[in-house]
Structure formats: structure tokens, C-alpha cells
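Welcome, and please open your viewer.

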Amino acid sequence: MRYLSVFKDDGEVLKAISDIHLRGKWFDLDCTYSKGVFYNKIPQPKIKSDILPLFDDVLMVDSTKMDIFTNNSLNSIVFDPPFLFRKRKSDNNDKMSTRFSYFNSYDDLTDMYSNSLLQFYRVLNKGGYLCFKCQDMTDGKFYCTHNFIINKAQKIGFELKDIIIKATNLKLQRDAKQQNCVAKVHSYWLVFKKK
């Protein structure tokens, strides 16, 4: 099968990453498992964890610590952290902040991402893969988060192997009085390999 760069379904993205980069092997860990919606039509990861587990078979693990995993013990990680931040309570019909959790500031977001990347590098085997789902943020201005993640991961020692776009049909964007940049209706899957 030949995969193209744009997908409508996260499960299909993970299948493509498995086929192309993991050579058909499945994912060792999803450390932001939440409700597990990625896995409705595909196999579950071997290990499921989250900072606040919703199910009994999901381990309570903070992605910035990951103390239960030893160095070089995993071959692949799926990571889909929150991508929103708000300094204030939403007051303008912001459906995204209602549906998803969010950080208090962009610095909080980048700190969590940076500390998680350090842990992922520690627990992945050499040649292991990190599949990082992210989305750029607009809140009066444009925050190019995917670029931050790529630069940070490369400084740590990851190699960027692929970028996949996941488009959505849903419009959960807020109604803005003044639009300062285009509304984002896509996210990225960044595929990193530990060098």
C-alpha cells in the first residue's frame, strides 16, 4: 500500500507509521492514552499510561518523569499531549478549550514538551521511534509549536524521519472578532528516531 501525507483518521496515521517506520511492529507505549480513541479500529499499544488514567488497565505515569521505565527499554512511543494554552477562562465560545485540557501558558506547554522529550530519549532504545502528535496554536497570534518540537528534539538527539498531516472536518475554532491568522484545522504527526 502507498500512503500519502494527509490523513483524516489518527488510527490510519498510526497504521502507516507502523508499516513504514516500525516495519510492521506495533507500538510499545501510548503515554497519553486518555480514552483510547485512536485504537477504535486498530490494535491497542502494549502499554497504556496517562497522567490521570480513565481505565484500570492504564498506568498512572507522568510523561515528564516516566520513573517506571528503565533506560533504553522501549522501541516506540505514541505521544499526544494537550496543545492549547489559556491565560484566562474562555469567554468567547471556545469549544476547543471546553473539549480538551490546556496549559496556563505557552511556557508551561514548552516546558512539559521539553521534559517529556528528555524522558522519551532516555527510555527509547537506540533506533527507537517517537510519534509526537501536535498542533500549532493561535491565540491572537501564531505559535509555531511543531517547529519548536522539531528543534528541541533534534538538540536532544532525535532525528526527524517523517511529518504527517492529520486534517479534520470539524470546526471547533472559536468565533473571533478579529482574525489574525488562518484557523488551524490540521495537526501534525512528527516521527522521530533516536540516533
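In which sense do strand 11 and strand 12 pair, and over how many bridges? Select both: strand 11 and strand 12 pair in the antiparallel sense, over 9 bridges. Two strands count as paired if DSSP finds at least two bridges between them. This is a predicted model, where local features need pLDDT of at least 70 and side-chain atom pairs count only at pLDDT 80 or more, while totals for chains, interfaces and linings use all residues. Residues are numbered from 1 along each chain as its sequence is written, and side-chain values use heavy atoms, with hydrogens and water left out.

Next, pick alanine 167, whose bridge partner in strand 12 is histidine 186.

Now move to serine 187, which lies in strand 12 (residues 186-194). Serine 187 counts as buried because its relative accessibility is 5%; buried means under 20% relative accessible area, with a 1.4 Å probe and protein chains only. Leaving aside neighbours within four places in sequence, show what serine 187 is in contact with: Lys133, Cys134, Gln135, Ile164, Ile165 and Lys166. Contact means heavy atoms within 4.5 Å.

Finally, zoom out to the protein chain, with its 4 helices and 12 strands. Helices (H or I, at least four residues) and strands (E, at least two) are DSSP runs, numbered from the N terminus. Of the 195 residues in the protein chain, 48% are buried.

Conventions: Buried means under 20% relative accessible area, exposed over 50%, partly exposed in between (1.4 Å probe, protein chains only).
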